[in-house]
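This report describes the overall build of one protein chain and then turns to selected residues within it.

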Amino acid sequence: MAATTQLLSGFVPRPAEAVEAYRSAGLYRQRTLWRSLHDSAAAHADAPAVTDASIDGPSTLTYAALFAAAERRAAGLLAAGLEPGERVVLQLGNSNEFAVTLIGLLRAGLVPVMALPAHRTAEIGHLAERSGAAAYITEDGRRGFDHRRTAAEIMPAVDSLRLVLVSGEAGDWAPLPERDPSRDLFPTGIDPDDPCLFLISGGTTGLPKLIPRTHNDYDFNARHCARTIGLDGDDVYLVTLPAGHNFPLCCPGLLGMLAVGGHTVFTDDPSPDNAFDLIEAHGVTVSALVPALAQLWCAATEWEPADISSLRVLQVGGSKLAPADAAALEEVLPGAVHQVFGMAEGLICHTRPDDPRDRVQVVQGRPISGHDDVRIVDEHDVDVPDGSDGELLVRGPYTIAGYYRAEEHNATAFTPDGYYRSGDRVRREPDGSLVVTGRIKDTIIRAGENVAADEIEEHLVAHPSVFQSAVIGVPDDMLGERIVAALVLSPTQPAGATVDLADVRTFLTGRGLAPFKLPDSIHIARSLPVTAFGKLDKAALADTVAAEARP
């Protein structure tokens, strides 16, 4: 099929010998992700699969109802003219609609590009362009931002786009389609080593990169994450983070729960007053948070009356959880805290249910698979001994071999023998656990979202009053890191003129930047510090900003 051929143009497959080894070891089951999920659904037909407790709810679908709705959605998408192998940008909030549409796309052989609700014109246009997307699925303005505006801006700019499909009030666009399924419509012969979906990299070099996850590797990811924390069909998982993120989607998240026959509850309000009520009402046993939310939940246990004692696993990841915060969580949720460290590109590390609790407070977990090939190296790519800091390199059964259509970046992001350079500085403990000690790449992790500093810098220098810009992350108790934009104003500015934070944020919003990328504060400077080699010295800049912030 032409669409499948186009899909594989720019996809970097794993080496054939590695794939064969993973097959021989039983890691790859040689089936599509749809088939794996459908087989689980057939075994749990009458059990609750998903509950919508977002603004779209409340409603619950059994496994039989969920997969029947997904087949109707799949048939509707194909009847609308989409072809198996084509890419579809998927941007829906936490809801049953998200689950139905994602599974429907997989059933139709279409390949979703997992955009986030916070993405705006700049990101959605880039994702559609880079993926060659034929369609954009989004929703109306009921969650506070009208994504139909984004559709109007990107449709004329992306040549490959043919369809915009909207959940809710479609306006000028088409509603999400449904049709009675005919199995003659559905594709056969899909290679399980082809991409099943694209995740989005937070990136360190501008706009997001596309992460191609194959049927075999993402099925493995879901099942092994679920196995690592001991999930089964009696578990109830509360999705509070954006469901298109790898963490709440597959670590184990929605897909891990579907794999074991468990029940997933969606909410788009992670505040303790809402989430705690949902935990009590649904008997939630598992959830996942970024550290800033975990801190808030921890504090809220002092005043929220809801009973959350059913929660046996609280995964915390997205950025490093400070030992003091882990200890405080352990006080209020004894035995429930699990640290998670990983990346959408592959490697996932979890602490285990039987790990000593004092260890859980200081390590970020061990790889979920013995087949994860982890190296920790110095600046010359020489392996360092356990206990020493170095850059984390990884390859394995669910770590990608290359970003999609990013040949130039892949040349530096992967070693010649196929290891992914994570950019994370870690040390390995004797038991194999990793401790994250910093980052090598210039990425800011704000409330669990990866933000590329140079993307914001490029937008800032387009401001008519800005001559130079540098963006840094500064430690913040609630956000993990806050975004500080250091600005050197244009020499043509009138004497005494300045730029304030509101102006900068309005300007960046007008350029289509997502809200989570907007600076939290600005620092006006006469000049930016440079190293002896004339390069921008962000360490010195961070010291200056920190000194100014001291009382």
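What percentage of the 551 residues of the chain count as buried? The share is 57%, where buried stands for under 20% relative accessible area, exposed for over 50% and partly exposed for values in between, with a 1.4 Å probe and protein chains only. The model is predicted, so that local features need pLDDT of at least 70 and side-chain atom pairs count only at pLDDT 80 or more, while totals for chains, interfaces and linings use all residues. Residues are numbered from 1 along each chain as its sequence is written, and side-chain values use heavy atoms, with hydrogens and water left out.

**Overall build**

The chain contains 18 helices and 25 strands; these are DSSP runs numbered from the N terminus, helices being H or I with at least four residues and strands being E with at least two. Its radius of gyration of 23 Å is close to the 24 Å that the globule rule gives for 551 residues, so the chain is as compact as a globular protein of that length. That radius is taken over C-alpha atoms, and the rule is 2.2 Å times the number of residues to the power 0.38. The C-alpha trace spans about 70 × 55 × 55 Å along its principal axes.

Of the contacts in the chain with a separation of 6 or more, 68% are accounted for by residues 24 or more positions apart, a contact being heavy atoms within 4.5 Å. The accessible surface comes to about 21,300 Å², and 51% of this belongs to carbon and sulfur atoms; the areas come from the Shrake-Rupley method with a 1.4 Å probe, and for residues only the protein chains shown count as cover.

**Loop between β17 and β18**

Aspartate 383 is placed in the loop between β17 (373-377) and β18 (390-395). With 44% relative accessibility, this residue counts as partly exposed. Its side chain makes a polar contact with the side chain of arginine 375 at 2.9 Å; such a contact is a pair of N or O atoms within 3.5 Å, where within protein one must be able to donate a hydrogen and the other to accept it, and residues adjacent in sequence count only if both atoms are side-chain atoms. Leaving aside neighbours within four places in sequence, aspartate 383 is in contact with Arg375, Ile376 and Val377.

Aspartate 381 is in the loop between β17 and β18 and counts as partly exposed at 26% relative accessibility.

Glutamine 30 belongs to the loop between α2 (16-24) and α3 (33-43) and is partly exposed, with a relative accessible area of 36%. Proline 58 lies in the loop between β1 (48-52) and β2 (59-62), and proline 252 in the loop between α9 (246-250) and α10 (253-260).

**A strand residue and a helix residue**

Threonine 138 is part of strand β5 (residues 135-139) and is buried at 0% relative accessibility. Beyond its neighbours within four places in sequence, threonine 138 is in contact with residues including Gln91, His147 and Leu165.

Glutamine 295 is found in helix α12 (residues 291-300). The side chains of glutamine 295 and aspartate 325 make a polar contact at 3.2 Å.
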